[in-house]
Amino acid sequence: MRASGEPGSPSRRRVLKGAAVAAGTAVVGLTGTPAHASGPRDCAATARMGANAITLSVTDGALSWSATREGMTVIGTSALGFTLADGTILGNDVIVLDGDRDTVHRTWSPVYGRNATVTDHYQEQRWRLRDTATGIRFGVQIRAYKSGVALRYVLFGTGTAVIADELTTFAFPEGTTVYSARDEDAYVPVAPGAIPVTGTSTTDNGPLTDLPLTATLSEGLIACVCESARLNYPRLMLSSTEGDGNTLSAHLMEYTARGTGEVEPTSTVTTPFATPWRVLVTGSTHAELIDNAELVLNLAPPNVLPDTSWIKPGKVFRCELTTAAGLAGVDFAVARGIDYIEYDAGWYGPEFTTVDATTPIAAIDMPSVISYATSRSIGVFLYVNRLALTDADALFALYKSWGVTGIKLGFINDGTQSMTDRITAWARTAAEHELLIDMHDDVRPSGLERTYPNYLSLEGVRGNEQFPTATHNVTLPFARNIGGPLDYTICYGQSRNKTTNAHQMAMAAVYYQPLNFLFWYDKPSKYATPANWPGLPWFNAIPTTWDESRALAGRIGEYAAVARRHGTTWYLGAMTNETARTLSLPLTFLTPDTPYTATIYADGTPGTSPFRTPVVVSAVSVTSETTLEVAMAAAGGQAVMFTP
């Protein structure tokens with residue numbers, strides 16, 4: 001595709017000066033100079049909902065935005081705009097042509113999720129703008145929800161536009177700490193101006209951090225920057241801003257995440273075009289941030305699949321690469337309430353040298369394993385490295401003919417516009433063949449699981465199989481998991497863990513992960529004597545999707561407690577960092593006037609290492625009037641099941 005300015009291509013300026021989407025004839029909600037033929041150069045519009053407000057402003061022609069929660073600044077005056085490939089800057093000198101405002105209140109039911117019903121309630125302001133130097137017309141939308149705020153740009157006209165950079169900034173208040181992480185690094189709490197420089201000459205390079213990015217502010221406020229509805233557009237990273245220690249700047253990725261693809265310094269879009277939403281999920285407390293994570297889903301395009309009856313989230317057990325291990329894995333799955341088995345990397349040969357993913361290695365009789373699994377109502381997932389995805393349609397059709405249920409794609413390092421398009425296409429193609437999909441490595445959430453509900457989960461995080469610290473584990477509920485589902489393999493019973501087994505158990509309730517890999521690195525034979533593993537009944541019972549979720553307590557990097565309901569049973573997970581602590585948790589989420597049995601899996605007397613701390617099981621009667629004292633050892637946790 002030609003970039004604008006090349007011979008034979010339409011001028012981007014001429015295209016964007018063409019027909020515009022009508023947005024009303026009066027400027028609604030503006031303050032300052034009234035609208036007139038040339039439009040105001042100083043004005044503002046605010047969208048409000050609950051405690052949140054987002055304001056769009058033009059000051060002496062410069063476009064900006066800001067956001068507050070409970071009247072306190074979350075984002076100060078911050079720049080908006082674009083740089084086009086020919087050097088045109090949109091946003092520095094604009095006039096407001098017109099605008100309008102809407103308030104929307106509706107509910108919708110996801111195919112699966114944190115809650116059975118999602119409330120979509122927001123106020124929106126829209127502006128149509130004209131760049132004074134070029135005459136190019138474009139728009140900005142802002143929305144306020146009770147759970148946060150969001151903004152995006154709209155390019156008008158019919159044709160193409162070539163975007164070189166996005167000028168959005170995030171000016172945080174003095175004293176803000178952000179939790180920065182890139183690729184599979186651990187989170188580093190730093191000032192916005194101190195994000196570490198990472199990358200090489202063949203990757204995006206600089207003081208860059210991946211999204212979601214969480215910021216803690218004064219007065220206990222917390223916010224998480226995410227993106228939603230990323231289609232046909234590069235992935236957003238954020239960068240420290242030279243000379244401004246409190247401001248982060250948008251960075252549109254030009255490379256795939258690990259520099260394995262061609263550089264794409266610009267992105268060509270077909271107009272009219274709406275960019276992804278820049279989302280700020282907010283909370284007056286850290287726990288509230290967890291409850292507000294569905295904002296990303298609300299902003300994503302609705303489900304496009306006409307039939308979703310075949311989409312079944314669940315628990316997965318990874319098998320060793322033999323026929324016998326697959327058959328034993330099926331039996332283990334049946335005995336342990338697990339829904340799927342998986343053959344991971346290597347089932348068709350070395351993943352970086354074998355690009356034919358159609359023939360299993362000699363050690364695996366795939367038809368026999370799949371037939372046996374199917375006969376016992378267990379599904380089969382197969383891992384595929386992206387190098388073998390040269391013809392995804394043919395490959396997925398083949399797997400469907402085998403009876404495969406889902407695919408786990410590896411080394412899907414997104415970043416560029418073309419990689420965004422490939423990820424979307426893989427999700428769509430998998431859906432056409434009724435295959436579930438799980439994407440691994442440096443891929444980041446943007447709400448695509450709402451649009452293609454077969455896209456159950458993704459990684460994009462320093463995984464639990466790397467045996468991270470307890471501090472890392474209690475950062476994730478307030479950071480990466482805010483952006484979307486998290487594939488975080490639970491390593492119960494692993495001697496390399498830096499946490500207790502009760503801490504590992506609690507993950508199944510604390511994290512939202514509709515596809516949950518359990519007993520990582522293990523064989524069924526390890527659990528042949530269940531009495532040695534008192535946590536097994538918890539994993540047998542706990543589901544992966546929910547009718548209702550409540551964050552009960554938490555502070556990023558310190559502790560988290562989350563309760564989730566499936567049917568009439570509640571599951572509570574609590575985790576702490578390397579500091580032992582006791583949380584007093586009122587059980588007000590339980591149905592009033594109903595007695596429950598609480599089966600408690602708690603840390604026992606601390607061992608010589610966190611892993612050696614035993615799990616102690618007890619049962620008590622509780623009601624909604626009870627306050628539960630949840631004691632956790634250092635790097636420990638607690639898992640509780642409440643049955644009426």
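Two rings of Phe, Tyr or Trp (for Trp, the six-membered ring) count as a pair here when their centres lie within 6.5 Å. By that rule, this predicted model comes to 29 aromatic pairs. The views below pick out some of them, plus a few other contacts.

**View A. Trp347 and Tyr348 pair edge-to-face.** The two ring centres are 5.1 Å apart, and the planes make an angle of 85°. That gets the edge-to-face label because the angle is over 60 degrees. Trp347 is buried, with a relative accessible area of 0%. Tyr348 is buried too, at 5% relative accessibility.

**View B. Tyr399 and Trp402 make a tilted pair.** Here the centres sit 5.4 Å apart with the planes at 45°, so the pair is neither stacked nor edge-to-face. Both residues belong to helix H6 (residues 392-402), three residues apart, which puts about one helical turn between them. As a reminder, an α-helix has 3.6 residues a turn, so residues three or four places apart point the same way.

**View C. Ring pairs build a cluster.** The members are Phe317, Phe332, Tyr492, Phe519, Tyr527, Trp533 and Phe539. One of them, Phe332, falls within the residue range of helix H4 (residues 323-335), which turns up again in View E.

**View D. Two arginines sit over aromatic rings.** Arg143 has its charged end over the ring of Tyr122, 4.0 Å from the ring centre. Arg318 lies over the face of Trp520, and there the distance to the ring centre is 3.8 Å.

**View E. Helix H4 packs against helix H5.** Two packed helices are described by the angle between their axes and the distance between the axes. For H4 (residues 323-335) and H5 (residues 366-375), the angle is about 5° and the axes are 9 Å apart. That makes the two helices roughly parallel. On the H4 side, the contact involves Thr323, Gly326, Leu327, Val330 and Asp331. Across from them, H5 brings in Ser368, Val369, Tyr372 and Ala373. Sort the contact residues by type and you get five nonpolar, three polar and one charged.

**View F. Helix H11 is largely enclosed by the rest of the structure.** Why call it enclosed? Because 10 of the 10 residues in H11 (residues 501-510) are buried. Among them are His503, Gln504 and Asn501, along with Met505, Met507 and Val510.

Notes
Residues numbered from 1 in each chain as written. Predicted model: local features only at pLDDT ≥ 70, side-chain atom pairs only at ≥ 80, totals over all residues. Heavy atoms only, no water. Phe/Tyr/Trp six-rings, centres within 6.5 Å; stacked < 30°, edge-to-face > 60°. Buried < 20%, exposed > 50% of the residue type's maximum accessible area, 1.4 Å probe, protein only. Helix = DSSP H or I, 4+ residues; strand = E, 2+ residues; numbered from the N terminus. Lys NZ or Arg CZ within 6 Å of the ring centre and 35° of its normal. Axes fitted to C-alpha atoms, helices over the stretch in contact; angles between N-to-C directions. Parallel < 35°, antiparallel > 145°, perpendicular 65-115°, else oblique. Contact = heavy atoms within 4.5 Å. Nonpolar A, V, L, I, M, F, W, Y, C, P; charged D, E, K, R; others polar.
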